[in-house]
Amino acid sequence: MGGQTARIARFIGVRLAVSAPVILGIVFLTFMLIRMGGQDPVAMLAGPMADEAMLNALRAQLQLDQPLLAQFANYMVRIAHGDLGVSWQGGIPVLNEIRHLFPATLELVLLSVALAALIGIPIGMRAATKPNGWFDQISRFVSLAGFSMPTYWMGLMAILVFFYILRWAPAPMGRLSMEVAAPAVVTGSILVDALLEANWRAMGSALAHLALPVACFTMLAAAPMIKQTRAIVIEIMGSDYVRYARANGFSAATVRRMALRNAATPLLTFLGSELTSLLAAAALIEYIFSLSGLGQWGLNAILLGDFAVVQGYVLTLALFSMAIFMVIDLIVMLIEPRN
Amino acid sequence: MLAMDKTKAQAWAHGFYVHAIGLTRRSPTFVAGLCMVLFFLGVAIFAGVIAPYSPTESFSYDILRAPSDRFIFGSDGNGMDVFSRVIYGCRYAFGIAVPAGLIMVGIGLPLGLIAGYKGGLLDEVLLRTLDVLRAFPTIILALAVVAATGQSLISMVVVIGVLDSPIFARVVRAEVLNLRASTFVKAAVAMGNPAWRVMVVHILPNAILGATAQLPMRMAWAVRISATLAFIGVGIQAPTPEWGAMIRQGAEYVITGEWWAALFPGLALMLLVLGFNLLGDGLTDILDPKRRGVGK
Amino acid sequence: MSLLTVDDLHVHFIARGLDNQLRTAKALNGVSFNVEKGQVLGLVGETGAGKSLTALALLGLLRPPAKVVQGQIRFKGQPLGLLDGHASQGMRGKSITLIPQSPKTSLDPTTRIGEQLIRMQREHGEASYAAAHARALEMLASVQIPDPAQRMQAWPHELSGGMAQRVLIAAGLINSPELVIADEPTTGLDLTVQAEVLDIFKRLVRANGMSAIIITHDLGIVAHYCDRMAVMFAGTIIEEGPVGKVFEEQKHPYTQNLIASTPKQIALHGFVGGVGSPPNLYDLPQGCVYKDRCSKAQSTCSTPVPLVRFGPDHQARCHHPDQGR
Amino acid sequence: MAQEKTLVMAMSATPKGFDPDIWVPGQIEAAVNLYEGLTKYGTRSGANGKVEVDPSKIEPHLAESWTVSPDGKTYVFKLKRGVRSPFGNELTAQDIVWTYEKSALQKRTGQFMRTAARIEKVEAVSKYEVRYTLSDANRIFLGALTLHLPAIFDASEAKKHATPDDPYATKWLALNTAGYGPYHLQALQAGQQAVFVVNPNYAFKKPYYTKMIWREVPSPATRVALVRTGQVQYAEQIPFQQLTALRADNTVKVESVPGFGGATVRMNPRFPPFDKVKVRQAVAYATDYAAIGEAVFLGQGTRSRSMLNSPIAGAVNAYKYETDYNKAKQLLAEAGYPNGVDVTLEYSTNWWWEEPLVLQMQASLAKAGIRVTPKRIPSTEMLARRTINVWTVPFLTHLTSSFVPDPSYNMFLTAHCRGSSNVNANCDAAMDKLIDASVVERDQKRWLALIEQAQNLQADSATFIETFLPGTHEVFAACMKGYVWKPHNRLVWKDLSCNS
């Protein structure tokens, strides 16, 4: 299969070449937006007792007195060396922070998307079998309602009901209960790390803390999943080849298999875009449930004008979505004959 | 297959001219959506009549009172009447969504029209922009831009409208590509009509019809994202009775059981967004002949 | 006994209109015809005349809001279910098969050609995989696809339109059906390819003693490939007879108009002789459906139309059939 | 080894750094427990029998004694022997000299304190003796030495992390600790938690708690929930709305101290209409103090009566304005604004009370024809624009606060034209003269007179609207004992104990 390997390599090569300008564009856009935003961190950094001389010295030290384009060039050179800079809030290297926080966000997003797919795809398929039937109408209304609900508000109401009134959920703070010791950090995902050392107590606590945010997030993620699956399946069921198959008396099972197979590509592609858009939406859920993930950190940084962090955050999101799209397109290329 | 073999455009036009009641009967979703949106619009218009208090009047000695006869939705952390604030909040919801929608259409329609019809550089740029938007979470972008361009209501409206315009342009572009391939446009071109005439006379009206269903959904998005920005704490100045900002203020008290300050504005927000979405979904049903009950 | 008998078939579409009133489109209004064993029938008419709807009924694929109001179809004397889901599944794809009108899109895009041909057999019988594979190869060769062994591995999108249609013919005939329905089988193919494909089709049908219905608006195809022809207008067969006879002595004014027009003109603009659009199926005229466009129309045309016979196998529905010659 | 005692704290965010020279959020809260001064305030028994700080009494701490030259400009401190860091190094005069060298190089917060206390030189006299030379004798110096900054680092340990680019290991010290205080950092997971453990070599009374877990809980309401459910033993920055309920809850203990930091609304006389004293006074009369006390501080605050408040020595009731809309209208008319004025009140969210206070001001000022447009601006913008000599915010909210409960120091900080917390261009030659005189006045009686005069002058000029002292309200588990409020207004962990 040397040809296949070469094909994959060429695909990845082309994709990287095409993605590079998009990534560069994103970095540039973020850089300019944040720098021109009028947020001057120097006053914050220097503290309440600084005078003008101290501010200027600090500005020079942070190279904030240089022209914007020169600052951008410096930044790009540093990125090329794998240095994403340092958060002015804490002097902590951004890359370390990302490494710490990303697993928490991934945990939330992957679990939710997986659940949403498990719920949304079958519902969407069922709805598509009889468009405008009662199941379709109900599922459409529910998915639209889920889609219309502000995530953060849903989170708040979940806290009210499950934490305050029912006392089922743990306090919405962090990823583990206070009295539970965290497992040794291997992957950064508490679930995985707890599994690795068979620490069921930590595992249970982590799951309990994830339950509400994941449930809320799943609601959000499942809505478009239902809608999209339904649309894809309806389109396939109305396609010439399905009509032809039915005209030839193929069994319902065969037709369903055929539909599934043909739905795989558009569904995968949709799952990819869903995954990337949810990664960004995770910020609000993390904020509501104090999950201290990447999103919460990035959100905060935008409000505070912490340049390096915002750029690191956006870059991570962009790279992640690029990677997701690449992997998905690669899978599609391998399973899909039309390419 | 049936005798009613018309061009797609005629079918749309047909669908559009028919009496509104006929349209709504066809799609219960549409009726529900329309009723909800009209209800909120009515509330927005008559807010002054409905609301018992000024939305920004602070009752200093009634901080965070539970719902009662006096404050039917309770009072918030600043001693303001939640009910009156929710009522007046409708005005902000429409006041943001409608101008943002106009900006979106104003930019997106010509952009999509030209990109779809002419192709070339503009089309390329549009597609690349969409790529960037796809990889760049809109909420983060909106947040950064609003934070950067001064935190005013106006900048929020403009940012939302501008950020969403490429998405609308894409819808228009897809419609235009479809129409460009249709017989009647080919015929118009063959008859020697200039490009602008074909675009304006033959494509534009049909493209607008095709993109109409998208409009309420984009409005829903505008309402949602503006509330989200306000919830995060940008764009809206206290004590403006904007729903997102109210949820933000009320969020502080939810965990200790003072739920009313966050519940009601969120409920209103959800219902209006749902209304717009239902409206859009229903319109898709009505305007898309492929999904019609009669015919094929 | 005829292989296929269609007897007074009435199909209506019933749906709620924009004004919330129930409205009925009378799509088929008493269609009757027979197909004998070994015979090729051409079903001809303009778009919307009900040709394809008849085919759908034959395949048992009618779906709501379509409703069979009256009539039935018998295959070898057995009545066929006409609505989707009620049809005898065993019949479709085995005894009655379809060659669809859009070859490129009718093949499952994610399955290789060979697999699709094999699946077609195994859905309807106990054929072993190896036997089905051999049969598929054989059929591909018989539809004159070069290098069939290699084509078995091809994906549908790799085929040209003509090739795809040959594959569909192979698929349609692979289970040795008794009746093949070819629904506008060559639309979208260029003329030389059309001829090649139809030649192959006719040869195979004849060689295997099958019956066929070719649905088309192209009289040239009818003339070349069919034994009998039935002309449809507004859900009614207005003239039926052997191809040679109908071409020589058309009895119905519509048929006369049809034959006077070139096939190309029919396809693009409807009729040269006729005026206006097809009749409104929601509001069919009393009596003859063609009277509004007929040059010979008289007041009697509003009364029920008689079926006039011109010999044992030629008949027309008209108050004033051409009695000349 | 004694049994491990752990205290879990629900904090708004994990510390962003630990070097007292670099102010970042959470740094001070941590640093006061990591680094200690040469001196400390004495204590006395308060009104209700509780131990409280006596700002007039300064006692030895890391220094066991000191001598002062007759002109008050030279101090020689004798260090306590056997003061060791967790790394085992003993505190010597060299450590202190190194600390001042580091601060001088960084030119940040430590340098400011050094300037404020007029420290000119710091030299090692012997291994355990260090000499401070001051440019002027002043009352601030010994008080300043109670603070955690300039921090006294374990220089031997810090030097191990120095690099040629960074000879004072500032990068390392930003995220690690090396001091002689009761606690040191064990682990930091930014955004989640920081763990501090007791310094096993701590030279004074061993703290009860051996381990402090600082958990990040951004939502104040969640912090309340946690302390009520017993999952944490301390929760910081609790909104006033919760305090009443918490006081009634016997699973928690609320400790409240008025403190001396006041919530003010300030007017910058460089911008009209605030250039007219009558307008400023009109604002003072048009403020509904009762409503603010109720709606903003929920009856938990204490009315501020001057720019100085108890326990600062010499504080008097200078601010005598009470709500009087007619008087406000009259003053406004006299100032030439019979139809009222339109003003923008800018605020940030550095303190929780800013927005509610602004809304109450808007409501009450409107009754006197002063139409207020509230405007929230980002913290960074606020900091940059209100900075001394920039002064581009005409009307703003601000908290009057300081680390040192000394009247001259406080007045200088907030009301002197060169004071670094003078955010509203409060520049008045007469005022500056009074403050300058008070700093060097050594006669107690005349000193007190100067202070009173300055407070009255400030109140008359009405550039500050004095509202309430929000106070410090600390929320603990019910068993917590030993809490003592400190002038730096941060929680000191080593005082705490719990015998449940």
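1. Quick term first: two strands pair if DSSP finds at least two bridges between them. Strands are DSSP E runs of at least two residues, helices H or I runs of at least four, both numbered from the N terminus. With that in hand, C:Leu98 has C:Ile181 as its bridge partner in S7(C).

2. Housekeeping: this is a predicted model, where local features need pLDDT of at least 70, side-chain atom pairs count only at pLDDT 80 or more, and totals for chains, interfaces and linings use all residues. Residues are numbered from 1 along each chain as its sequence is written, while chains are lettered from A and ligands numbered from 1 in the order in which they are written.

3. Back to strand S7 of chain C, residues 179–183. S7(C) pairs with S6(C) in the parallel sense over four bridges, and five bridges join S7(C) to the parallel strand S8 (residues 211–216). C:Ile181 has C:Ile213 as its bridge partner in S8(C).

4. Five of the five residues in S7(C) are buried (20 or more other C-beta atoms within 10 Å of the residue's own, with C-beta atoms placed from the backbone). C:Leu179, C:Ile181 and C:Asp183 cover one side, C:Val180 and C:Ala182 the other.

5. On to the interface: 21 residues of chain C are in contact with 16 of chain A (C-beta atoms, placed from the backbone, within 7 Å). Strand S6 (96–99) and helix H2 (103–106) of chain C each give two or more residues to that side.

6. Chain B has 13 helices and zero strands. Of its 296 residues, 55% count as buried.

Definitions and conventions. Contact = placed C-beta atoms within 7 Å. Buried ≥ 20, exposed ≤ 12 C-beta atoms within 10 Å, placed from the backbone.
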